[in-house]
Amino acid sequence: METILKWLKANGYESVLAGVNILVLLLLGLVLGDAFYSISNMQSMATQVAEFGLLALAMSLAMLTGGIDLSIVSSAVLAGIVGAEFLTGNIFDLETTDPTLVMGAAVVAALLAGLLCGLLNGLLIAKTSIPPILATLGTSIFFTGIGTVITGGASLPVRVKAFFQLGVVTVASVPVVFIIMVIALILAAIALKRTRSGRRIYLYGENSIALRFTGVRHERLIILLYAVIGLICGIAALIMVSRTASARVGYGEAYLLQAILVVVLAGFNPFGGRGKILGLVLALMMLQTLSSAFTIMRYGPYMKVFIWGAMLLAVMFLNRLMNRNKRATKGDESNDGGKAMVAAEGSPA
Amino acid sequence: MKSPFRSVFGRRSTQVERYLTVLIIVYSAVVGFQNPRFLSLETVFDIVHEGAPTMILAIGVLLVLISGGIDVSFPVVAICSAYVSIKLMWAFGLDALWFMIPVSIVIGLLLGLINALLIHFLKLPTLIVTLGTMSVYRGFMAITLGTSQYPVATMPKSLAEFGLANIVSVEGEGSSYGLSVFFPIVVVIFIVTWFILYHTMLGRAVFALGSDEEAASRIGVNLLRTRLFVYGYTGAIAGMAGLMYFAAMQNVDPVALQGFELMVIAAVVIGGAKLTGGEGTILGTFLGVLLFQLFQSTLVQLGLASTWASFFFGAVLLFSLAMIYYRQRKSDQRNLVFRIG
């Protein structure tokens, strides 16, 4: 009992999130009942959350360093297009080549493309000091451009039937894509908590200048981080392609807003240094359950856009209130990064 | 001996401005070589007509970037204010520009002020705040007013005429063309913005806020008032640009311009506006938007499909960014300046 209390105290924000999650789940159970708590709905939710969860993980890693990655969706789409190119029969003759070989090549190509996208981001941010927000804005347009040139703006159809299985196959009625996402989240949590580079990512977000003065090769760290982000986008791309059986420019544009929403909801500080994978998991769960509930309730796309936007603003507002109270009790220990606080104290308004 | 540039602008040209000018001239020469008809007055007038709404939006973005923020909600603000003003006008049974334009500007102003208040009091990255307001504005409008499109036959007649009106008309071979009424509007907005930025205390405050928020507030800059001005002004001119966009397209589409925000921000950033230092020039912005517009409309004449537009634009953007920030990095290293991030 005592350990539980201790845990709750140490993970205050996560406990609140978990509580809200339980509340939402109970409420949906009351309102929707079996339409929500059915195996098929659970499975479809697990499948849907997979690609989005990976993209959100990518975004959260960027935010831990105080950066942001606006190119996650476009890198994923580009990686998907590169992978799908192998599955359309343009490169291999699908009649004569072994499907396993074709799929293997597609997987490697997509992951490699994602990795290269991330690497380019990392190099631009670390080696030329372009602010992450602008660097990834530029690369997102550039990646979309490459994707448009490859496809001519059309949708690439996937002709290797076996590849669709990735999005459908289940292990003990759990979709494989969901398992992939869970593994990625667990690996990220371990890497952030237990490895040297992981701890340094937090330090970088907390105070990148101090980290530089401790002699850490901060540029290599950033390049590595964005490369990993790109790789995660590559994995998400494979899931996207297998689920939609095609790849096209413009897919999943709404994911960018949702990814930022879920990461902010998860308690990550956009100025860097704060955030836990556990929070991300809880926030993802909440967003997905709500999203499915809205679908069952037949809300239109704009209703969803409105709700996500309002939620993002509300969460930021609540965070602000909570942080303000914390500061009142704990002296001036600020929680939201030096840059932002300065204005709060100095503003005459 | 003053250089001609200096006597007009009263300052030295920036490196980015020179590089963009060369790029635009070379590019136009290449296109003109492929297609001699390109180098004509008609092309210039066409670009003015098509590019005017983008140019106005870009001025707003420039202001926000100079103040150290990033606003992604402005295309939605533009579309929402224009659409709401049209709906409101119909509710009164009118069809008049004198009603639409002020109403649209006021709605844009209000939406911009909401942005400013949220940004000021939430103290979070402006990108995230405006991403939230963007969704709320668009979602709210779509839920309450619907998303019906009004093509040229059903759109307000005065607005359709506004889009085709010219101040100067030239009779060409077979077809006549002219300089759109958009031109004086853009010029007025340029001049007003230039005057505010460089000749008023408010303008100095915007630069100060972007350069160093802490220093700005310590020398007595009212941060809230400055933000209210920056985002309010951006919203107000976006309201104007929204109507102009509908007029130019000859189509009222309440879900248009999705994803356009990143393109406009990119154009302004190419023009040398810096996120980290209260830097940016109106001329640079003009050149950046011009380059964007050229890529959009002329790649076909080079024998390339328009699908190459994003590719080239992205490549130029990355190159410009690398050039701008690498220079800053070198000078920071020389001067032992350390920046967060």
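User: Is Phe229(B) buried or exposed?

Analyst: This is a predicted model, and the values here are computed from it. Buried means under 20% relative accessible area. Phe229(B) has a relative accessibility of 14%, so Phe229(B) counts as buried.

User: Which residue forms an aromatic pair with Phe229(B), tilted at 35 degrees between the planes?

Analyst: The pair is 5.4 Å centre to centre. Both residues lie in helix H11 of chain B, four residues apart, which is about one turn of the helix.

User: How confident is the predictor in chain B, and which helix of chain B has the highest confidence?

Analyst: Chain B averages a pLDDT of 86, and 95% of the residues score at least 70. Confidence in chain B is lowest in helix H1, residues 4–9, at a mean of 69. The highest value, 93, belongs to residues 223–249, which form helix H11 of chain B.

User: How many aromatic pairs does the structure hold over all chains?

Analyst: One of the pairs is formed by Phe294(A) and Trp308(A), tilted at 45 degrees between the planes and 5.7 Å centre to centre. Over all chains, the number of aromatic pairs is 23.

User: What does the pair of Phe294(A) and Trp308(A) tie together?

Analyst: Phe294(A) is buried at 7% relative accessibility, and Trp308(A) is buried at 3%. Phe294(A) lies in residues 277–296 and Trp308(A) in residues 301–329 of chain A, so the pair ties together parts that are 14 residues apart in sequence. These parts are helix H13 and helix H14 of chain A.

User: Which residues of chain A belong to the aromatic cluster that includes Phe311(B)?

Analyst: The cluster takes in residues of chain A and chain B. From chain B come Tyr27(B), Phe295(B), Trp308(B), Phe311(B) and Phe312(B). From chain A come Phe142(A) and Phe143(A).

User: What covers the buried residues of helix H9 of chain B?

Analyst: Helix H9 spans residues 201–211 of chain B. Its buried residues are Gly203(B), Ala205(B), Val206(B), Phe207(B), Ala208(B), Leu209(B) and Gly210(B). What covers them includes H3, H8, H10 and H11 of chain B.

User: Arg298(A) has a positive phi although it is not a glycine; is Arg298(A) buried or exposed?

Analyst: The phi of Arg298(A) is about 60 degrees. Arg298(A) sits in the loop between H13 and H14 of chain A. Exposed means over 50% relative accessible area. Arg298(A) has 75%, so Arg298(A) is exposed.

User: Is Gln250(B), which also has a positive phi, buried or exposed?

Analyst: Gln250(B) is not a glycine, and its phi is about 55 degrees. Its place is the loop between H11 and strand E4 of chain B. The relative accessibility of Gln250(B) is 18%, so Gln250(B) counts as buried.

Definitions and conventions:
Residues are numbered from 1 along each chain as its sequence is written. Chains are lettered from A and ligands numbered from 1 in the order in which they are written. This is a predicted model: local features need pLDDT of at least 70, side-chain atom pairs count only at pLDDT 80 or more; totals for chains, interfaces and linings use all residues. Side-chain values use heavy atoms; hydrogens and water are left out. pLDDT is the predictor's confidence in each residue, from 0 to 100. Helices (H or I, at least four residues) and strands (E, at least two) are DSSP runs, numbered from the N terminus. Rings of Phe, Tyr and Trp (its six-membered ring) pair if their centres lie within 6.5 Å; planes under 30 degrees apart count as stacked, over 60 as edge-to-face and the rest as tilted. Buried means under 20% relative accessible area, exposed over 50%, partly exposed in between (1.4 Å probe, protein chains only). Contact means heavy atoms within 4.5 Å.
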